[in-house]
Amino acid sequence: MKRVLLLLLLFFHSSLFAQDAVSILKKSEAYLRGAQSTAEMSITTVRPSWERTMTAKLWNKGTEMSCILITGPKRDAGTVFMKNGEDIWNFVPAIKKLIALPAALVQNWMGTDISNDALINAGSLTVDYTPSVIGSKVISGQDCWVLELLPKPDAPVVWGKVIAFIDKASYVQLGGEFYDEDNFLITEMQASELTQFDGRKLPKIIKMIPSEDTESYTIIRYESVDFTTPIPDSFFTKSNIKNVK
Amino acid sequence: MLKLAWRNIWRNKGRSIITIAAVMFCVIFAVVLRSFQVGVWENMIHEIVGNNFGYLQVHQKGFWGDQSLDRSIDLSSTNVNPLESAEGVDRLIPRLESFSLLYHGSNTKGALVMGINPETELPGLQLHDILIEGRSFSNNDSVIVVSEGLATYFKVGLGDTLLFMGQGFHGAAAYGAFPIGGIARMTNPELNKQLVLMPLSKAQYMYNSENRATTLVVAIDDGTDYAAVGDILKKTTSKSLEILEWKELFPEIIQTIEVDMAGGRIFVTILYFIISFVLLGTVIMMVAERQREFGILVSIGMRRSTLAIVTMLENIILIMGGAIVGMAVVKPIQFYFKYNPIDLSGQMKEAIEQYNFEPKLYTTTSFIINLNHGTIIFCIGVLVSLYAVWKIMKLNPIESMRS
């Protein structure tokens, strides 16, 4: 009887724990995203003897809709990437052409260290991955959960494993590690400078560091985030892509 | 004895002329054969390497191994003046070379994009010479010139717009839309299938590579040896740049030449066997004709060795004459086909174009070939003349006079 109880306890405990990981991740993503959000940011790519800064505007609604517009420099301004459900489009003003992109793009986005996947599927890790808590770690003074995310079978993802560090107090993700299917670390993410944006405390700076090259990295700097202005669903449609401003 | 030999030659003009003619045609055949072989290569190297790629190129170190725009030369921070002013260097020609996916309608095709400044380019890229339609561009224009093959593939003509999708410097998006201003026929068949030429400044903008060039082609002064210029440049260049000769740039051309030359040598060897027997034939004929004469000469007291030397001298004079005449006569032929190459047609043309060669047969005018083959045939001639010597030495005067 004791044994059965123990087994039951173990069973419940582990399932509770798993439940916990999902809710942590969901809470974290919901916190980051809000019901909808509009953000302005600059993206700086740094290479040993060269660097480049782009400015961009990002719209998000729910887990399925997102859109990013490049606002500078001039030669790239007007380029739009849009995701709505399974569809991902890229509008290129230089050739006035709409290009459909595959759901899981391995390449990096516009020469940065941000993968296309991370950008377009940002905030939808719960959709494609099964999380579990594997420990705790203190990151820049904050006690964090360490979540291991493994892709669900048949999920259209590029990573073999993702480790996320989520602040226990604020549910803000402060770090991440992205592994390929052979368990090699490809990219590391570090979030810092927690700042108030429209009533929420969020990292102002996100640094993406590819593991193969120590002198190269990309910094995303949030200039503003707006969680209140509503965005209509029609914004995230193919026909609107040329009018995104 | 020389006088005797000389007189003998003039005594029977017909026979002498036949011998001279035999030697002459042998020389002509051998030289023409080799001239075509060497000439085709010479022309190919000149056309493809000299006029399109240059005998020498300057790159950022490591570019040739990994041809990425990330390894292009920053012209604003790299000092290329010492290279430009080096002895034997006429000018440096900046080019930006990269790849792009071209779109037109629902067709797509990968293409080699070359940003050039036509005013300073090599002869092979002098647009007004290679255009078959349309016009050239200046550095400020925003039209492109596509190769004939691409225009055919996309079924486009002047004024149609091609869309470019590629990756620029450090992964920047490289998109562009350019109208076609001209269609050019490139002498290099491979380039003729996939080359797009655009103004250097436009290519630099599209590939986010302002003030950059992937390649600096070294235009050398006329008549200068590129290898010598290359050595000078290698000494003057900075550490960040590399100077490559065409043999390093295109080792596959050298290999192909070597294989082809080996084949050619086998062919020429076979030709020499045939030539040897032709010459031997004339010598045998000569000896047979003069059996009676030799017999009389020996029986009236001429020493066999003297007779043999005289005959040998005759032959040497005739063969040498034939070889010299042959070498001289073939010269105009060489010149004619150098400037009026044989145009191949039909299947032969297709087969050769597949190997990226121009389907034309040129000759070389290098005199070394004439000299080489003249000498070889002369030696063969002397060798077969020994038959006459051998015949004379074992001559039986009575029998030979009876015959």
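In chain A, Asn183(A) lies in the loop that connects strand 10 (173-179) with strand 11 (185-197); helices (H or I, at least four residues) and strands (E, at least two) are DSSP runs, numbered from the N terminus. Asn183(A) is not a glycine, yet its phi is positive, near 70 degrees. Asn183(A) is exposed, since 8 other C-beta atoms lie within 10 Å; a residue counts as buried if 20 or more other C-beta atoms lie within 10 Å of its own, as exposed if 12 or fewer do, and as partly exposed in between, with C-beta atoms placed from the backbone.

The model is predicted, and local features need pLDDT of at least 70, side-chain atom pairs count only at pLDDT 80 or more, and totals for chains, interfaces and linings use all residues. Residues are numbered from 1 along each chain as its sequence is written, while chains are lettered from A and ligands numbered from 1 in the order in which they are written.

A positive phi also occurs in chain B, where Asn208(B), likewise not a glycine, adopts a value of about 55 degrees. The residue Asn208(B) is placed in the loop between helix 7 (200-206) and strand 10 (212-213) of chain B. Asn208(B) is buried, with 21 C-beta neighbours inside 10 Å.

A further backbone feature of chain A is the cis peptide bond from Gly72(A) to Pro73(A), for which omega is near 0 degrees. Pro73(A) belongs to the loop between strand 3 (65-72) and strand 4 (80-84) of chain A.

Strand 13 (residues 217-226) of chain A runs antiparallel to strand 1 (residues 36-47) of chain A, and nine bridges join the two; strands are taken to pair if DSSP finds at least two bridges between them. Within strand 13 of chain A, Arg221(A) is the residue opposite Ser42(A). Strand 13 of chain A also pairs with strand 12 (residues 200-210) of chain A, in the antiparallel sense and over four bridges. Here Thr218(A) in strand 13 of chain A is the bridge partner of Met208(A). Strands 12 and 13 of chain A form a hairpin, with six residues between them.

The contact between the chains involves 14 residues of chain A and 10 residues of chain B, where two residues are in contact if their C-beta atoms, placed from the backbone, lie within 7 Å. On the side of chain A that touches chain B, the elements giving two or more residues are strand 1 and strand 2 (50-61) of chain A. The residues of this side comprise five nonpolar, four polar and five charged; Ala, Val, Leu, Ile, Met, Phe, Trp, Tyr, Cys and Pro count as nonpolar, Asp, Glu, Lys and Arg as charged, and the others, Gly among them, as polar.
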